[in-house]
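Subject: Structure handover and notes

Dear colleague,

Please find below the structure I promised to pass on, with the sequence beside it.

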Amino acid sequence: MEIRMWQREIETMQRDAIKELQLEKLKSMVAKLYRDVPHYKKKFDEAGVSPDDIKTLSDISKFPFTTKEDIRVNYPYGLFAKPLKEIVRIHASSGTTGVPTVVGYTRNDLNTWSDLVARIVVAAGVTGEDIAQISFGYGLFTGALGLHYGLEKIGATVVPVSSGNTERQINIMRDFGSTVLISTPTYAMYLAETAKGMGLEKGDLKLKIGLLGSEGCSDEFRDEIEEKFGIFPTDNYGLSEIMGPGISGECVYREGMHIAEDHFLAEIIDPVTEEVLPMGSTGELVLSSLTREGIPLLRYRTKDITTLIDEPCRCGRTHTRMTRTLGRSDDMLKVKGVNVFPTQIESAIVGIEGIGSHYLLILRRENYMDNLEVKVELVDGKVLESYGELEKIQMTIKKRLLTILGLDAKVTLCSPMELERFTGKAKRVLDLRFEKEGGR
Ligand code: DLL
């Protein structure tokens, strides 16, 4: 099979050459941050480090981390390394708490960004012949516009539908002959259900590939999308602070997401001790910008838990890969002493016969103990009338959670389509532990 690549020479560079390139760029980036961004000058001075301290790549560990909070306290433009005159695009991530994190792109940043997105879409198997339906929300969110320009760059036909209006999405998909879907995995699942509800069979749509990113999902959830929609789903990762989509993406072998190492330096740290972990360890991904002009960040703590893979991939690409993320360190649930990520619960329940793929995890504190309720939908609402059947399904789920994760949870089965659907990133955890009595 011929493996297509967008920038073959860079994507297949020898590892030594990549590291050499990274060191050279890191040195000039650290010098630039010290010179142009007062926040970094202050932080470096406080930590007693200077640009001259970067002699090898691992010297980066002497430098302080950057967090979302650093971006927030510098709201809106305090961390920009270029005057606004040179900034040609602003994006922002609302987050769940208060002040948005604002990021700026220079013209060069936008060119780099579209090349990096072009790399991941080509890696996923998209070509200039494809019709790509973008079902991410257009706006300050980086997902839609990020994918948009990368797909246009490779010559695909872009259909910028944006998110929502789900039946209309399906009509467009059918009438325009969309072959690639760009959305979150959650929305892809919702679209698949809607298509089925509208009486469409797999063959009625021309969809082939799903570029599903912006949130994690389990392999089981993804297999269900593949099965229901008849598409080949691939994962791609990014975050607005660093660039948006295009930081890493899977190739057709789906054995980890290729990180664009000529633009980003990746480290894995222990999220608690903040110590850098050796290659192959699982921990928090920390990313440094090597080329960003608008808002370069050094050692940005992503909170995403993953593992780096150093060996070249079967596809011939040589840049380090990251495994699909397990979740965010701040999403980890602690239930009666068991630490668990929502995706692990998803893995254990999706695919069980008789239940759907949407779920809600509700945490409550009762008698000073954390209790977890797992709400899942039945595929067939009639089961609700048969107590015996209901109990059987409930027990299967309970047992799986206990044997696979050691988790003792209350399982509630609901009618089909009862749980909320999402057109972007899903919110599957409802934490009521710190609410006053009388809350839901
Ligand atoms: O979600 C950028 C993006 C858009 C990536 C479209 C891919 C496709 P933010 O809204 O800033 O940016 O959210 C970033 O989302 O730190 C992860 O926790 C999560 N995330 C993004 N992609 C993935 C993924 C975009 N493939 C935050 N798997 C990140 C798991 C992901 N989590």
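How far is an oxygen atom of the ligand from an N or O atom in the side chain of Ser240? The separation is 2.6 Å, which falls under what I call a polar contact, a pair of N or O atoms within 3.5 Å, where within protein one atom must be able to donate a hydrogen and the other to accept it, and residues adjacent in sequence count only if both atoms are side-chain atoms.

Before going further, please note that this is a predicted model, in which local features need pLDDT of at least 70 and side-chain atom pairs count only at pLDDT 80 or more, while totals for chains, interfaces and linings use all residues. Residues are numbered from 1 along each chain as its sequence is written, and side-chain values use heavy atoms, with hydrogens and water left out.

A nitrogen atom of the ligand is 2.7 Å from an N or O atom in the side chain of Asp235, and a backbone N or O atom of Gly216 lies 3.4 Å from a nitrogen atom of the ligand. On its own the ligand has 610 Å² of accessible area, of which the protein covers 92% (Shrake-Rupley method, 1.4 Å probe; for residues, only the protein chains shown count as cover). E7 gives the most, with five residues. In total 20 residues surround the ligand, and the closest are Ser214, Asp235, Asn236, Ser240 and Asp304, where a residue is near a molecule or strand if one of its heavy atoms lies within 4 Å of it.

Of these, Ser214 has a positive phi of about 85° although it is not a glycine. Most residues other than glycine have a negative phi, and most peptide bonds are trans. Ser214 sits in the loop between strand E6 (209-213) and H9, and it is partly exposed because its relative accessibility is 23% (buried means under 20% relative accessible area, exposed over 50%, partly exposed in between, with a 1.4 Å probe and protein chains only).

Glu250 and its partners

Glu250 belongs to strand E8 (residues 244-250) and counts as buried, because its relative accessibility is 1%. Its side chain makes a polar contact with the side chain of Arg222 at 2.9 Å, and the side chain of Glu250 also reaches the backbone nitrogen of Asp235 at 2.7 Å. Leaving aside neighbours within four places in sequence, the contacts of Glu250 (heavy atoms within 4.5 Å) include Ala124, Thr234 and Arg324. Thr234, found in strand E7, is likewise buried at 1% relative accessibility, and among the residues it touches are Gly210, Leu211, Leu212 and Arg222.

In helix H7 (residues 166-176), Thr166, Gln169, Ile170, Ile172 and Met173 are buried. They lie on the same side of H7, because they cover an arc of only 160° around the axis, the arc being that of the directions from the helix axis to the C-beta atoms. The face turned away from that buried side carries the exposed residues Glu167 and Asp175. The cover over the buried residues of H7 includes E3, strand E4 (157-159), strand E5 (180-183), helix H8 (185-197) and helix H9 (219-229). Gln133, in strand E3 (residues 131-134), counts as buried because its relative accessibility is 0%, and a polar atom of its side chain lies 3.5 Å from the backbone nitrogen of Met173.

Cysteines and backbone details

The structure holds zero disulfides, a disulfide being a pair of cysteine sulfur atoms within 2.5 Å. The cysteine sulfur closest to that of Cys315 is in Cys313, at 3.6 Å, which is too far for a bond. Finally, a cis peptide bond joins Tyr75 and Pro76, with omega about -5°, and Pro76 is found in the loop between helix H4 (68-73) and strand E1 (87-93).

With best wishes

Conventions:
Helices (H or I, at least four residues) and strands (E, at least two) are DSSP runs, numbered from the N terminus.
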